Amino acid sequence: MPCPVLTDLTPAQRDAVIHPGGPMLVLAGAGAGKTRVLCRRLAWLVSEGVDPGDILALTFSAKAAAELRERAEDMIPDSHETLRVTTFHSYALDLVRSLGTDRDLAPVLRPVGTEERVLVLLERLSDLGLSENDLRSDPVGVVRGLIDRIDRCRDERVDPERYASWADAALKGARGGRDAADARKEVEFARVFGLHDAWLAERGLEDFGRQITRALDLLSAHHDLLEIARERARHVMVDEFQDTNHAQAELLYLVTGNAQSLVVVGDDDQGIYSWRGADIRNILEFKADYPDAVTVPLEQNYRSSKTILAAANAVVSRNTGRHPKELWTDREEGEDVVVASCQDEYDEARMVLREIDRAVAEGHALDEIAVFYRTHAQSRVIEDQLVRQGVNYQVLGGPRFYERAEVKDLMAYLRVVANPADREAFTRAAGSPKRGLGPAALAKVADAADAHGTTMDAVARDPDIVAGLNASQRGAITELGSLLERLRQMDATGSPPARVMETAIEESGIREALLADGPAEAGVGRLENLQELVGVAVEYAARAEEPSLGGFLEEVALVSAVDEADDDGGRVTLMTVHNAKGLEYDVVM
């Protein structure tokens with residue numbers, strides 16, 4: 001009787017699933033069933049008598065790990081609580097805590113993201129001594145850039161001491177003024193790198209990259225702990241191997257030194273994360289690291305038509321530094337790939353709507369249709385067209401445009417300028433960005449407004465009538481009131497809504513707050529959304545007979561009201577290209 005784990009597999013997939021031992025590289029093209037292979041291999045190992053506690057599967061997101069584990073568990077009849085399907089960072093943290101912390105060889109540190117690290121450095125900015133960096137225009141951007149460099153050093157397993165030695169040598173060997181100036185910047189960065197680590201450690205914190213290098217340091221220094229880690233990793237699988245960085249690959253190779261099997265699955269043609277440290281050389285040079293490794297190509301695609309695959313192969317074949325492969329499918333030819341040239345983003349959005357209408361007329365459900373773009377800010381024009389035509393949609397990876405927090409924050413300033421009695425808008429504007437005006441302080445402002453029969457906006461221009469505010473809160477509410485009055489005067493004297501918005505962005509502190517809150521690319525993306533909102537105001541002014549801030553707010557309110565309408569007829573999906581990786585739709589633009 002055939003093993004159910006091995007049913008409905010192609011010969012290549014079966015070879016990957018039942019790989020008996022040693023290293024193996026599975027070159028899994030897009031849509032070629034790599035997740036199926038990983039799930040089946042997990043289940044097959046257990047069915048062959050392997051202890052689940054000896055299996056380690058590493059992925060690159062908690063979501064992917066949960067999906068892989070769930071699908072594998074459905075095929076494993078017996079106990080599998082010790083089966084480990086996790087991310088690289090979680091695995092490294094577990095190694096340090098289970099092997100190092102319990103033996104007092106490593107401190108207990110909490111991993112933190114970029115935003116918290118930026119704040120740690122900004123709080124002690126003067127102590128950094130950044131004489132070689134220009135802080136006048138954008139100190140947040142400078143600090144974020146330094147942290148990005150620290151992250152790249154982590155990826156390459158370069159610590160502060162090693163970097164400082166290199167920088168000092170470069171300064172001593174400088175030949176001329178330009179070389180010396182460049183070297184001084186490197187010396188300064190090395191000092192920042194060291195202070196960054198020291199200040200985080202003082203607070204019991206560490207960055208995610210340090211999780212990987214701490215595990216490496218611990219296992220490299222203590223052979224007995226390394227042996228324990230190796231005992232728990234007899235059979236190892238890695239998903240999306242092309243997205244690993246140098247430090248992650250080094251940890252993998254160290255832990256799998258005595259492994260009975262090491263199966264890495266990936267595709268160099270899908271290596272799209274070099275901007276965040278992924279090193280494509282890991283998959284390209286796997287055979288050099290493991291000369292005896294078996295290579296299994298998965299080239300049959302189950303996702304796309306022959307026409308789409310032909311186009312994709314034609315494009316990617318021109319890449320240098322890749323494993324040669326040719327995806328194929330036994331599906332039909334399918335429709336031609338269409339490349340459309342549009343005059344602008346509005347013409348493009350109208351074309352998208354025409355294609356959606358065509359697809360629906362041909363029998364496709366809205367759920368089978370997707371629209372991809374590069375950044376979230378690009379969704380707005382398409383969203384507007386969908387709303388105007390009554391097409392229901394969802395935004396994957398983020399809220400709809402007018403529901404995004406930064407858009408609502410900026411709109412709050414405009415709403416209170418147009419209507420000083422709008423308490424909800426005033427309260428949101430007072431807290432965006434944070435000024436130390438918490439709920440208690442704003443409640444006192446509201447009480448004063450009620451007692452004097454006026455608005456919170458008016459109280460902000462006369463804060464002496466508010467009881468119980470401290471000096472800092474009084475100063476913050478006064479500054480807010482002054483800004484709102486300046487914006488109101490601009491509107492009253494005929495300034496276009498877009499100019500009022502730009503002034504609000506510049507003078508409120510929203511720009512700096514967005515850049516300081518979250519990863520660099522996220523902050524930039526939020527600013528792009530605000531600039532897109534400014535663009536909406538420019539469009540409105542160009543077509544309105546008598547443009548005004550009130551008229552602009554009415555138009556946005558109408559669009560948002562239609563936007564909230566919902567039904568059960570399915571939804572077109574909008575998302576960035578990066579979020580689309582691994583998903584499947586019948587119709588894609």
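Begin with E240, which counts as buried because its relative accessibility is 16%; buried means under 20% relative accessible area, exposed over 50%, and partly exposed in between (1.4 Å probe, protein chains only). E240 sits in the loop between β6 (235-238) and α12 (246-255), where helices (H or I, at least four residues) and strands (E, at least two) are DSSP runs numbered from the N terminus. Its phi is positive, about 50 degrees, although E240 is not a glycine.

Before moving on, note that this is a predicted model, in which local features need pLDDT of at least 70, side-chain atom pairs count only at pLDDT 80 or more, and totals for chains, interfaces and linings use all residues. Residues are numbered from 1 along each chain as its sequence is written, and side-chain values use heavy atoms, with hydrogens and water left out.

Next, select D8, in the segment before α1 (11-17). D8 also has a positive phi, near 55 degrees, in a residue other than glycine. D8 is exposed, with a relative accessible area of 53%.

For another backbone feature, go to S432 and P433, which are joined by a cis peptide bond with omega about 0 degrees. P433 is placed in the loop between α19 (423-430) and α20 (439-452).

Now turn to the salt bridges, each a side-chain nitrogen of Lys or Arg within 4 Å of a carboxyl oxygen of Asp or Glu. By this rule there are 42 salt bridges. Select R157 and D217, whose closest N and O atoms are 2.9 Å apart in a salt bridge. R157 lies in the loop between α7 (139-155) and α8 (160-172) and D217 in helix α10 (residues 208-221), so the pair ties together parts 60 residues apart in sequence. R157 is partly exposed at 24% relative accessible area, and D217 is partly exposed at 34%.

Then select D457 and R488, whose side chains meet in a salt bridge (3.3 Å, N to O). This pair links distant parts of the chain, with D457 in helix α21 (residues 456-460) and R488 in helix α22 (residues 471-492), 31 residues apart. D457 counts as buried at 1% relative accessibility, as does R488 at 16%.

Select D207 in strand β5 (residues 205-207). What does the side chain of D207 make a polar contact with? The partner is the side chain of R154, at 2.9 Å; a polar contact is a pair of N or O atoms within 3.5 Å, where within protein one must be able to donate a hydrogen and the other to accept it, and residues adjacent in sequence count only if both atoms are side-chain atoms. D207 counts as buried at 0% relative accessibility.

Finish at V339, in the loop between α15 (306-316) and α16 (345-361). V339 counts as exposed because its relative accessibility is 79%.
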